[in-house]
Amino acid sequence: MKNNEEIKISRVEDFHVFEVLPYVMEFRRQLYPLLDPLIVPKDLVNFEQNYIHAPTGAFLQARTADNTLIGVIGMMPFDYRFPHLDMDEKTTVEVARLFVNPEYRRTGIATRLFQELLKTARQKNIKRLYLHTHPFLQGAYDYWLKQEFKLLKSCYEGTYPTLHMELIIPAEQ
């Protein structure tokens with residue numbers, strides 16, 4: 001990354017999907033080589049519905065000054081698909097798909113993306129952020145702990161050890 005390169009964080013709109021969706025699918029393929037790359041996850045099949053048009057959804061992108069896509073993060077309505085998690089009825093979204101190009105990692109891009117997502121969540125009156133990650137994703141668990149997420153449960157989901165985490169959104173200071 002060039003020193004002081006300008007990186008812009010913005011919402012993904014409908015016209016960005018043709019570029020953002022393949023970007024996300026390629027990251028997924030690299031991180032989860034054992035998953036069938038032809039099977040598209042539900043949240044991505046219904047990308048616009050989950051992330052762009054849902055009242056509690058959002059998908060953010062980081063782009064360089066020359067408009068190169070270098071990172072993304074999303075939040076979508078939480079679907080309570082993990083019955084073994086004891087979640088109350090606070091307005092909850094699931095944080096998903098935080099990816100940053102390798103050459104831009106450790107430059108603060110992920111944190112900028114997350115902070116903007118947190119700001120968006122507050123604007124939408126969301127009270128809880130939920131996410132899950134996996135121990136084999138290097139640095140992910142520690143990263144989310146630094147963002148003040150708390151571990152709810154560690155268990156296997158299918159074949160993957162999974163760490164379920166939450167952040168009760170604090171009031172702005």
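What follows is a quick talk through the fold, the surface and the salt bridges.

Student: What kind of model is this?
Tutor: This is a predicted model.

Student: OK. How many helices and strands does the chain have?
Tutor: The chain has 5 helices and 7 strands.

Student: In what order do the elements run?
Tutor: From the N terminus, the order is β-α-α-α-β-β-β-α-β-α-β-β. The chain is as compact as a globular protein of its length, because its radius of gyration is 16 Å and the globule rule gives 16 Å for 173 residues.

Student: And what does the C-alpha trace span?
Tutor: Along the principal axes, about 45 × 45 × 30 Å.

Student: What share of the residues is buried?
Tutor: Of the 173 residues, 47% count as buried.

Student: What about contacts between residues 24 or more positions apart?
Tutor: Take the contacts with a separation of 6 or more. Residues 24 or more positions apart make up 66% of those.

Student: Now Arg 128. Which residues does its side chain bridge to?
Tutor: Arg 128 meets Asp 88 at 2.6 Å, N to O. That pair links distant parts of the chain, 40 residues apart. Arg 128 sits in strand S5, residues 128-133. Asp 88 is in the loop between strand S3 (69-77) and strand S4 (92-100).
Tutor: Arg 128 also forms a salt bridge with Glu 166, at 2.7 Å, N to O. Glu 166 lies in strand S7, residues 160-168, so this pair ties together parts that are 38 residues apart in sequence.

Student: How do these residues compare in burial?
Tutor: Arg 128 and Glu 166 are both buried. Arg 128 has a relative accessible area of 3%, so it falls under the 20% cut-off for buried. Asp 88 counts as partly exposed, at 35%.

Student: Which residues make up the network of salt bridges?
Tutor: Asp 88, Lys 90, Arg 128 and Glu 166.

Definitions and conventions: Residues are numbered from 1 along each chain as its sequence is written. This is a predicted model: local features need pLDDT of at least 70, side-chain atom pairs count only at pLDDT 80 or more; totals for chains, interfaces and linings use all residues. Side-chain values use heavy atoms; hydrogens and water are left out. Helices (H or I, at least four residues) and strands (E, at least two) are DSSP runs, numbered from the N terminus. The radius of gyration is taken over C-alpha atoms; the globule rule is 2.2 Å times the number of residues to the power 0.38. Buried means under 20% relative accessible area, exposed over 50%, partly exposed in between (1.4 Å probe, protein chains only). Contact means heavy atoms within 4.5 Å. A salt bridge is a side-chain nitrogen of Lys or Arg within 4 Å of a carboxyl oxygen of Asp or Glu.
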